Amino acid sequence: MMKNEKKQECIFVIAYLVLMGFYFARYFEYYMTGYNTTLFAMSYRYGFISRGLLGTYWLTMDRLLPFSIMNYRAVYWFSLAVTVFYLLLQMYFFIRCVKKAKEKNYGSMCQLILLLMAFVMPMYIGSQMFGRLDIYLYILTLAALLLLLEEKWEWLIVPIGIVAMLIHQGFVFTNANLILVPMFFEILMTQDRKKRKKYIWIGGVFFLTISVLFLYFEFFSHSNGAQYYEEIIANAKALSFDGESFNVSLISHEILGEDVYELETLYRSYNRIEFPTALLLFSPYIMIFIHYIYILLKGKKPLEFLAYAAIPLGIVTIIPEMILKVDYGRYAFGTVYYILTMLLFFMAKGDGEVERAVSLEKLSIKKWNPIPYTLLIYVLFLVPFWDNLISIEVYKLARWIF
Amino acid sequence: MRERVKYGFSILAVFFAAFLYGVDEQLSFGAGLLSLLFFLYVFFALYNNKNIQRTCYILLFTGGIFISTLWDSYYVAAKERYYLAVVLIILGGMLFLRNHKGKLLMESAVISGILLVHTFRDGVSFGFDGFGPKFVALILMLPVGIMLWRSMTGIFEKTVFLLALGVHCIHVCLVQPSTYWILSLVLYLSGLSLIFVEKEGVKKYEDWVWCIPCICALGLTMLRGEDVNYYCAGAWNLIMKVVGVV
């Protein structure tokens with residue numbers, strides 16, 4: 001049995017690495033955009049600004065190291081190393097989930113992992129998203145999820161949340177749900193009083209710290225940084241591919257405190273046509289998810305209903321971002337990532353109700369779709385998701401419809 | 001019949017996604033006609049074959065490559081689509097023959113013949129340019145080739161298969177651009193797969209094994225021309241960077 005498990009793990013690792021190479025070959029353009037390199041020029045030297053942690057780290061390392069890293073080459077290789085690390089950490093998370101799940105759910109877990117990999121693999125490799133700050137948020141989120149899964153050193157979730165917020169305050173809407181929902185679930189469902197108390201404390205402090213940081217960064221952090229403008233531009237240029245490019249709106253917003261709402265008008269027009277089109281293209285998956293929620297919640301007592309309802313309701317944290325900002329590609333990815341990761345997480349924790357709902361949903365799918373793997377193959381043509389655009393394929397269809 | 005209709009709808013949904021993946025600004029009447037011919041081929045295969053699950057997988061992989069290539073504006077204007085139309089009609093007709101050896105021989109002979117006619121009639125150019133991505137494309141077709149080889153018994157089947165493969169591979173490697181030749185090879189392997197999936201006593205593979213040709217098929221989607229496609233060109237570029245040439 002053990003030998004068989006080792007063999008399956010080996011096959012999974014090899015398949016995952018081959019797939020990684022496959023997607024790198026297709027989507028990696030050996031290039032970082034001006035937007036993503038400019039992020040490394042944002043530093044706390046110019047005030048306690050949002051998205052300043054990475055740039056602060058970079059400037060500090062530049063001072064400490066015997067060689068300069070304020071150049072494109074250093075930023076590019078660092079971002080590449082982080083991207084590979086993220087994908088390997090994601091693989092480790094999958095392996096841990098499968099190992100902890102019951103053997104009878106092995107097939108379902110593999111299918112969910114395959115589906116999630118279709119979205120995850122190409123997301124941060126393409127030129128639009130390579131080096132984007134989101135990847136650090138997902139690394140930290142995975143670390144927190146692994147702590148929750150193993151039930152070890154969970155207090156580290158609080159500093160993880162703080163670091164994530166310092167990297168990008170969007171964490172509170174895009175990723176915090178992945179950490180808060182499992183803790184909320186445990187608070188309601190666990191019979192162990194000590195455990196409940198632990199999660200109330202950790203969850204409460206986590207929620208409080210990220211909320212305070214979000215409010216600060218959103219309303220009070222924009223630097224009156226006109227005096228630093230030239231220095232920041234010079235750093236941003238030094239880090240860029242051609243020594244000249246940098247992102248104007250990013251610096252205007254974070255350093256000069258200018259509102260960029262008007263600049264995003266074009267992207268809002270894309271969002272308006274892409275959103276309903278994406279709902280149409282992904283409607284089979286939406287119907288499956290709604291039916292799955294129905295199976296999961298049906299016949300539950302009030303407390304159980306509340307606990308299990310939190311799992312699908314965790315998606316709603318993305319709504320404020322969709323109203324205020326324009327990166328619908330990132331939000332679509334965040335939504336898919338949340339749904340599939342929560343399924344994997346709860347099945348790894350051995351939750352009988354989630355396992356039952358997944359099994360019943362699989363049977364239901366086979367009734368109307370005799371080749372269920374088409375649900376995986378279909379998605380392969382509609383990814384990767386981008387940042388402002390959801391995906392090129394969604395955009396093509398949206399333009400024809402509207 | 002109702003089950004086969006469900007299979008058909010599932011396949012069409014994937015083809016629509018492949019269409020969105022490959023389509024460019026320009027919609028083409030020729031691509032539309034060829035797509036209809038391909039749907040006819042799919043219909044005949046679903047109607048004729050008994051091993052419906054495996055047949056559907058084969059059609060999905062083939063259609064994913066074919067549809068995404070056909071609607072890409074880079075390929076839309078190519079005159080090779082007339083040859084592809086003939087190939088599709090032949091493949092569709094083959095499905096109704098009962099004898100496996102006969103099907104294999106007819107299909108191999110006809111498609112190889114069409115390749116040779118195209119070469120000599122249209123005076124296509126020869127050269128080793130872009131050999132790297134073509135090599136990657138051939139490697140991606142290797143798993144299906146191996147699965148087919150293992151399904152064949154006897155010297156006759158294997159010889160015919162090798163000869164036809166040889167004609168295709170020479171054209172893929174030498175003739176510019178290679179899109180038509182790769183598509184022709186894909187259709188040839190697809191046609192053979194549909195034959196052999198019905199043969200009695202042929203080795204049946206577990207579900208997870210079908211992931212391999214699925215990924216390989218994805219790597220051949222949206223064939224474009226000199227560089228084959230983004231996957232093959234990117235893979236060759238990555239190999240060259242790792243090796244240190246670029």
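The structure is a predicted model. Two helices of chain B, H1 (2-22) and H2 (29-48), each supply at least two residues of this patch. The most is given by H2(B), with four residues.

Charged side chains were examined next. Over all chains, a search of the whole structure finds 16 salt bridges. In chain A, the side chains of A:Asp327 and A:Arg330 meet in one of them, with an N to O distance of 2.4 Å. A:Asp327 is buried, at a relative accessible area of 13%, and A:Arg330 is buried as well, at 10%.

In chain B, a salt bridge is formed by the side chains of B:Arg224 and B:Asp72, at 2.9 Å from N to O. B:Arg224 is located in the loop between helix H10 (211-218) and helix H11 (230-243) of chain B, while B:Asp72 is located in the loop between helix H3 (52-70) and helix H4 (73-76) of chain B, so the pair ties together parts that are 152 residues apart in sequence. The two partners fall into separate classes of accessibility: B:Arg224 counts as partly exposed at 22%, whereas B:Asp72 is buried with a relative accessible area of 1%.

Salt bridges can also share partners, and in this way A:Glu151, A:Glu186, A:Lys195 and A:Lys349 are joined into one network. Within this group, A:Lys195 forms a salt bridge with A:Glu186, and the closest N and O atoms of the two are 3.7 Å apart. A:Lys195 and A:Glu186 are both buried.

The packing of helices in chain A was then described. Two packed helices are described by the angle between their axes and the distance between the axes. For helix H9 (residues 176-189) and helix H10 (residues 193-219) of chain A, the axes come within 9 Å and cross at roughly 150°. H9(A) and H10(A) are therefore roughly antiparallel to each other, a term used for angles over 145 degrees. Their crossing is left-handed.

H3(A) passes H4(A) in a right-handed crossing.

Another helix of chain A, H18 (residues 352-368), contains A:Glu353. A:Glu353 is partly exposed, with a relative accessible area of 26%. Along the chain, A:Glu353 and A:Leu297 are 56 residues apart, and their C-alpha atoms are separated by 9.1 Å.

The remaining features concern the backbone in loops. A:Arg51 is not a glycine, although its phi is positive, at about 60°. This residue, A:Arg51, is found in the loop between helix H2 (34-38) and H3 of chain A. A:Arg51 has a relative accessible area of 10% and is therefore buried.

In chain B, a positive phi is found at B:Met222, a residue other than glycine, with a value near 55°. The position of B:Met222 is in the loop between H10 and H11 of chain B. The loop between these two helices also holds B:Arg224, the salt-bridge partner of B:Asp72. B:Met222 counts as buried, at 9% relative accessibility.

Finally, the peptide bond from A:Val383 to A:Pro384 is cis, with omega near 10°. A:Pro384 is found in the loop between helix H19 (374-380) and helix H20 (392-401) of chain A.

Terms used. Residues are numbered from 1 along each chain as its sequence is written. Chains are lettered from A and ligands numbered from 1 in the order in which they are written. This is a predicted model: local features need pLDDT of at least 70, side-chain atom pairs count only at pLDDT 80 or more; totals for chains, interfaces and linings use all residues. Side-chain values use heavy atoms; hydrogens and water are left out. A salt bridge is a side-chain nitrogen of Lys or Arg within 4 Å of a carboxyl oxygen of Asp or Glu. Buried means under 20% relative accessible area, exposed over 50%, partly exposed in between (1.4 Å probe, protein chains only). A crossing is left-handed if the near helix is turned anticlockwise from the far one by less than a right angle, and right-handed if clockwise. Axes are lines fitted to C-alpha atoms, for helices over the stretch in contact, and angles run from 0 to 180 degrees between N-to-C directions. Angles under 35 degrees count as roughly parallel, over 145 as roughly antiparallel, 65 to 115 as roughly perpendicular and the rest as oblique.
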